[in-house]
Amino acid sequence: MTDAEMIDSPDNGKQLARLRAIMHRLRAPGGCPWDAEQTHASLVPNLIEEAYETVDTIQRGDHGHLMEELGDLLLQVVFHSELAEEAGRFNLDDVARGISEKLVRRHPHVFAQSDASDSDAVLQQWDAIKRAEKGDEEQPYLHGVGKGLPALLRAAKLQKKASKVGFDWPDEAGVLAKIGEELTEVEAAIQEAQPAAIDEELGDLLFSVVNLIRFRNRDPEVLMAAANAKFEQRFGAMEQDLRRRGLSLADADAARMEESWEAAKG
């Protein structure tokens, strides 16, 4: 594809080819110095950032920017595929072929003869096929679950996977009691001034809270993001209230901050 075709290509059917050509051009001699320097490892922060920015637009219902963020995320896939192609490992076609074949294999109720009449049955079937494909039948049941995920998300995935074989609380009351138990153990560890034990018990407490969130069919990462946003908004309102009183954050004492904080909550 020529530079002119990369610059102006109105044909909808050629846009993926155009994107690949642009990426190749940026990496080629005479292209972009920054793009030419990148590696799989150096692009990891970009991949994570673009994924989270895409999630943010979805959570905010910002459909106007969702297409843009999906494009930024797609660029990361194309970029990594270009690097792999240069090294002779695989290319974007191989990536697309691989996921297409995986989807066909793991949906035998659609593409073959299998009975999976509801979502639970589909997920159980998917998990069984996945374990067989990866040769994990002899591995521990939780082997490889959620590797690389943020800790809160991985905790929820571990708990959900364990619940599939019946290892779960019978009801929400048991989870709430467990949170109370873990909080008591945190308090005891603090009283005994045992730093390692405090860390361990705090981790257990967080794990139990994630369990309650999962029990209520919520996503811990989404709830944490909402709590962060609420804190940020209220802190900003507190700061504005202090300014109206002629105070900066540095000038205000804890009591005055608390007063402005309560005003912000109201």
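Tutor: The side chains of Lys178 and Glu182 meet in a salt bridge, with N to O at 3.1 Å; a salt bridge here is a side-chain nitrogen of Lys or Arg within 4 Å of a carboxyl oxygen of Asp or Glu. Because Lys178 and Glu182 are 4 residues apart in helix α10, about one helical turn separates them; helices are DSSP runs (H or I, at least four residues), numbered from the N terminus. Glu182 is buried at 5% relative accessible area, whereas Lys178 is partly exposed at 23%; buried means under 20%, exposed over 50% and partly exposed in between (1.4 Å probe, protein chains only).

This is a predicted model, in which local features need pLDDT of at least 70, side-chain atom pairs count only at pLDDT 80 or more, and totals for chains, interfaces and linings use all residues. Residues are numbered from 1 along each chain as its sequence is written, and side-chain values use heavy atoms, with hydrogens and water left out.

The structure holds 19 salt bridges. One of them joins Asp168 and Arg214 (2.8 Å, N to O). Asp168 lies in the loop between α9 and α10 and Arg214 in helix α11 (residues 195-215), so this pair ties together parts 46 residues apart in sequence. Asp168 is partly exposed at 33% relative accessibility, while Arg214 is buried at 14%.

A further salt bridge links Glu259 with Arg245, their closest N and O atoms being 3.1 Å apart. Glu259 lies in helix α13 (residues 254-265) and Arg245 in the loop between α12 (220-244) and α13, so the pair connects parts 14 residues apart in sequence. Through shared partners, salt bridges join Asp241, Arg244, Arg245, Arg256 and Glu259 into one network.

How values were computed. Helix = DSSP H or I, 4+ residues; strand = E, 2+ residues; numbered from the N terminus.
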